[in-house]
Amino acid sequence: MKKILTTAIVIVASLLIILVVSAFFIFRMFKSTTAQTEGTLYSAGVSAPVEIYRDSLAVPYIISANENDAAFAMGFLHAQERLFQMDVSRRAAEGRLSEILGTETIPFDRMFRTVGIHRMVRDNYSRVDSKTIEILEAYARGVNYFINNNRSRLPIEFDLLGYEPYPWKPEHSLFIVRMMAWELNIAWWEDIAFTHLVQTLGTERASLLLPDYPENAPVIVPGSLAALPPGSLELISTDRAFRAYFGKGGTHIGSNNWVVNANMSASGRPIIANDPHLQFMAPGRWYAAVVKGGALDVAGVSLPGVPMIVIGKNASVSWALTNVMADDADFYTEKVNLKNRTYLLDGAEKPLRKVKELIKVKDSMDVELDVYLTHRGPIVNEIHPYTLVLDDPYKYKPALSMRWTGLEFSEEFRAFYGINKSKNWDDFRNAVSLFAVPGQNFVYADAAGNIGYICGAKLALRGAGNPMFAMDGSSSANDWKGYLPAAQMPSLYNPLQNYIASANNKTVKSFPHYISNLWEPSSRITRIKTLLESKPRHSVEDYKAYQIDITSPYAAKMTRYLLRSFEKVKVNDRHLQEALSLLKTWDYSFDAFSQVPAIYSAFFRQLLKKTFADEMDASLLNEYFHVANVPYRVMERIIADSTNILFDDRSTEKYETREMILRESLSDALTELEKKHGKDMSKWQWGRIHKVELKHLFSSPGSIVNTVLNIGPYGTGGDGTTVMNGEYSFREYSGPVKSMQTEDFKNILGPSMRLIYDFANPDEFHFVMPGGQSGNPFSTHYKDMTINWVKGGYFKIKTDINSIKQNKALLILSPEAGGSE
C-alpha cells in the first residue's frame with residue numbers, strides 16, 4: 001500500500017512538473033510575440049529615420065520627417081499590436097471569414113458578400129483622391145513590413161487557426177471604415193422590424209408600439225404595406241448573430257460629448273470631452289497615438305486599420321464624436337424575375353445586375369452565391385442558405401432590396417485627414433463636409449476660444465414613402481432624390497449658452513428634412529445639461545466626475561409613477577415594504593454597491609414584459625427589444641397615460657390598469673431577485689449582477705482559456721439611461737417569453753474610452769480605455785488600463801517633444817539597407 005502511495009505521489013509530482021514546465025515554455029513562446037519596442041529596424045518603406053517612443057502604457061509617439069513616413073509607422077504599430085483584429089475586420093467586410101473559421105461563419109460571409117462593401121470600395125477606388133491613396137499606400141507598406149518580417153512571431157491567433165495573413169492593401173483601410181459604419185447603422189433594422197410589426201399586429205395596434213413620429217416625416221402609418229418577401233427577417237437575425245459572434249452586440253451605440261468655452265471653463269480656455277459607447281470586447285476598439293510627422297501634429301485615438309486620429313486634438317483644434325443615429329438606409333419590396341433577370345419599376349422591366357461570389361470554406365466545400373442588384377442596391381433576402389426559388393420562373397415574385405449610404409462613394413478618410421490638419425473652424429467645417437457614414441455629431445473647440453458643432457452625415461432627400469417602413473419598390477416615386485447639401489446640414493458656432501453637448505439625442509427641434517426616428521432617450525442629455533448648468537465654471541476634474549455619472553432622470557420618472565401606484569394600497573409583505581422604503585429615498589444613482597438599482601432594474605424589466613409580451617409572440621418581441629431605445633422611449637411615452645390600453649393584459653379576462661401593472665411588476669421583480677440571489681436584500685448590490693467582461697473572440701462559456709483571453713468580470717454601475725452608459729439587453733431569453741430571463745443584467749456596452757482635453761494645457765490630454773493598447777493576451781499592455789477604467793480613473797498623456805523624449809523605450813525605423821518592405 002505504501003509503495004502504491006509513493007508511486008502515485010511520484011506520478012502526480014511528475015505531472016505537475018511537466019505542466020509547470022510546459023506552461024513556462026508556452027508562456028515564453030507566446031511572450032515572444034509581444035511587440036518590439038526598442039532597437040533599430042530597417043526598411044526601404046521610410047524616407048528618413050522615424051523615432052517611435054513608447055510610454056509605460058505602450059502609447060506610441062511617432063516623430064517622422066513627413067506624413068508618409070508617419071503613416072508607415074502607424075501601419076507597423078497597428079500590425080504589431082492589433083494585426084489579428086485588423087485581419088478579422090477586413091475579412092468580415094470581404095466575406096472571407098469562413099476561410100479561417102469554417103462553416104459556422106458562412107451566413108456572415110453570405111450577408112457581407114450580398115451587401116457588397118468590398119464591391120463598393122473596389123468599384124470606386126479609382127475615384128479616391130491621390131493624397132488619400134498616397135497615405136493609405138504608405139500605411140499598407142508599414143503593415144506588410146511587419147507581416148513579412150515577423151512570420152514566426154505573428155499573434156497567437158494565427159497559430160491557433162493555422163493560417164497567415166494575406167498582404168494588406170490600401171483599400172482594406174476603407175473596408176475598416178465601412179465596417180464601423182455598418183456597426184453604427186441600426187436605422188435599417190427599423191424598416192424591416194416595424195413593417196413586420198404592422199403586418200403582424202395591424203396598423204392601429206402597431207401604432208401604439210412605435211416611437212413618436214418626427215414632425216418632418218409622414219405621420220400616418222401606411223394603411224397597406226406590401227408583404228415582406230420570404231427571408232426578409234434573416235438579415236436582422238444574421239446581422240445580430242454576427243454582432244454577437246464578434247462581440248459587437250448592444251444597441252445604445254452612441255456616445256457623449258460636450259464642450260464649454262472660456263466663459264464656463266475654470267481654466268479660462270475651452271475644455272472638451274468624449275466617451276464613445278460601443279460593445280465591450282478584447283482587445284478594444286481604439287489605439288491611442290501621438291503623431292508628429294511633417295505638417296501633421298496630432299494626438300488621440302485611432303482605429304486599428306486606419307492611419308488617422310479619429311477623436312483627438314492637434315496644435316490648433318480638438319474634436320469629439322457621437323452617433324447622429326441618422327436613418328441612412330431604406331428597404332424596398334421589389335418584384336423580380338430571376339429567369340429573365342428583371343424587376344418591375346413604374347410598370348416597365350428593368351435589368352437586374354448579377355454578380356457571382358465564391359466563398360472559400362475551411363475544411364468544407366466552397367459556397368457559390370449569386371447576388372442580384374437593382375438600381376437601389378442588392379437584393380438582401382438571400383443571405384441565408386435561402387434562395388428565391390420560383391414555382392414559375394417566368395412570374396414576378398417579391399424580393400427585398402436595400403439602399404444604404406454606406407454602399408455609395410464618400411470620402412471619410414479624406415475628411416479625417418483634413419480634420420487632423422485643421423487650423424480653424426473653416427478648415428474643420430470643410431473637412432467634415434466630406435464625411436458621410438456613419439453619421440456623426442462633430443463637436444469642436446479651438447485654441448482661439450471658439451466652440452462649434454456640425455452634423456456630419458449624408459442625409460437622403462426621400463420621395464413619397466415613409467422611411468420607417470419598407471417601401472414599394474415598383475414605384476420610382478419612393479426613390480431617393482439626392483442628398484442634402486453639406487451647407488444645409490445642422491451646425492452651431494459659439495452659441496450664447498456657452499456650451500454644446502450631444503448624447504445621440506434629437507439633432508434639432510425642428511428641421512425641414514428627415515434625419516431619424518431612432519434617437520436615444522433624453523435621459524443622458526438631460527443629465528449632462530443639468531451637470532453643465534449646475535455651476536458657473538467647470539474643470540477637468542469636474543469633467544471626470546461627469547463622465548462616470550450614474551444618475552438617471554429616466555429612472556427618476558419611472559420610480560415616481562411606481563411609488564404613486566402604492567399610495568393608497570396597504571402593503572403587508574415585509575420585503576415589499578423594505579423595497580418601497582428604499583425606492584422612496586433613492587437618489588436614482590445606479591451605484592454598483594447599492595441594492596436599489598437592482599430592485600429598480602428587475603422591476604423595469606418586468607414592466608416591459610407585462611406591458612408588451614401579450615402583444616406579440618416571442619420572436620417578434622425579440623425583434624422589438626433588439627434596439628433598446630425603442631422600448632425605453634415607448635414606455636416613457638405611455639407611462640404618462642393611465643388609460644393606455646397597452647397596460648391591459650390581453651391574455652386575461654380582467655382589465656389591468658397602469659397602477660396594477662406597476663405594482664405587479666415590482667412584486668414579481670422581488671420574487672425573481674429572491675429566487676436568484678437569496679432573500680437577504682443587503683446582498684442584492686447592483687455590481688453583483690451588473691458586470692462587465694471584455695471577451696476575446698476565442699472565449700467560450702466555461703473554458704479555462706477565458707482566464708487568459710478575457711478581461712474581467714468586474715461589477716459596474718450605470719444603466720442604459722445614465723451618462724456612464726451601462727447597457728444590458730432586454731432580449732436575451734431562456735425559455736418562453738413569460739419566463740423572460742437575461743444573463744443577470746450583464747453590462748454589454750459602454751464607454752469604449754474616455755478622453756478630456758483642456759486648451760489651457762495644450763501639451764497633455766486625459767485618457768483611459770477598458771483594456772489596453774495591445775491585442776496580445778500575454779502582453780503587460782493587454783489590460784493595464786482596466787482597473788483605472790473601472791474605478792473612473794484616467795492617465796495623463798503628454799504630447800510635447802521634451803516629455804516624449806523622456807520615455808526610455810525607443811524604436812527607430814531606418815531607411816538604410818538591411819530589411820524588406
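Me: What makes strand 7 and strand 8 count as a pair, and in which sense do they run?

Reply: Two strands are said to pair if DSSP finds at least two bridges between them, and strand 7 (residues 296-302) meets strand 8 over 5 bridges in the antiparallel sense, so by that rule they pair. A strand here is a DSSP run of E with at least two residues, a helix a run of H or I with at least four, both numbered from the N terminus. This is a predicted model, in which local features need pLDDT of at least 70 and side-chain atom pairs pLDDT 80 or more, while totals for chains, interfaces and linings use all residues. Residues are numbered from 1 along each chain as its sequence is written, and side-chain values use heavy atoms, without hydrogens and water.

Me: What makes strand 11 and strand 12 a pair?

Reply: Strand 11 (residues 342-345) and strand 12 (residues 348-351) share 4 bridges, in the antiparallel sense, and Y343 has K350 of strand 12 as its bridge partner. Between these two strands of the hairpin lie 2 residues, and D346 takes a positive phi near 55°.

Me: Why are strand 1 and strand 19 called edges?

Reply: The open sheet has 11 strands in the order 1-27-2-3-6-7-8-9-16-17-19, with mixed pairing. Strand 1 (39-42) and strand 19 (491-493) each have a single partner strand, so one side of each has no neighbour in the sheet. Neighbouring strands of the sheet are turned by 20° against each other on average, direction ignored, the axes being lines fitted to C-alpha atoms, for helices over the stretch in contact, with angles from 0 to 180 degrees between N-to-C directions.

Me: Which strands does helix 13 lie across?

Reply: Helix 13 (residues 425-432) lies across strand 9, strand 16 (440-446), strand 17 (451-456) and strand 19, and runs at about 10° to strand 17; contact means heavy atoms within 4.5 Å.

Me: How many cavities are there, and what lines the largest?

Reply: There are 9 cavities of 30 Å³ or more, a cavity being a set of points on a 1 Å grid over the protein atoms alone where a 1.4 Å probe fits but cannot get out.

Definitions and conventions: On a 1 Å grid over the protein atoms alone, a cavity is a set of points where a 1.4 Å probe fits but cannot get out, and a pocket is an open set with protein on both sides within 12 Å along at least five of seven lines; lining residues have an atom within 4 Å of a point. Grid points are joined across faces, edges and corners, and a volume is the space filled by probe spheres set on the points.
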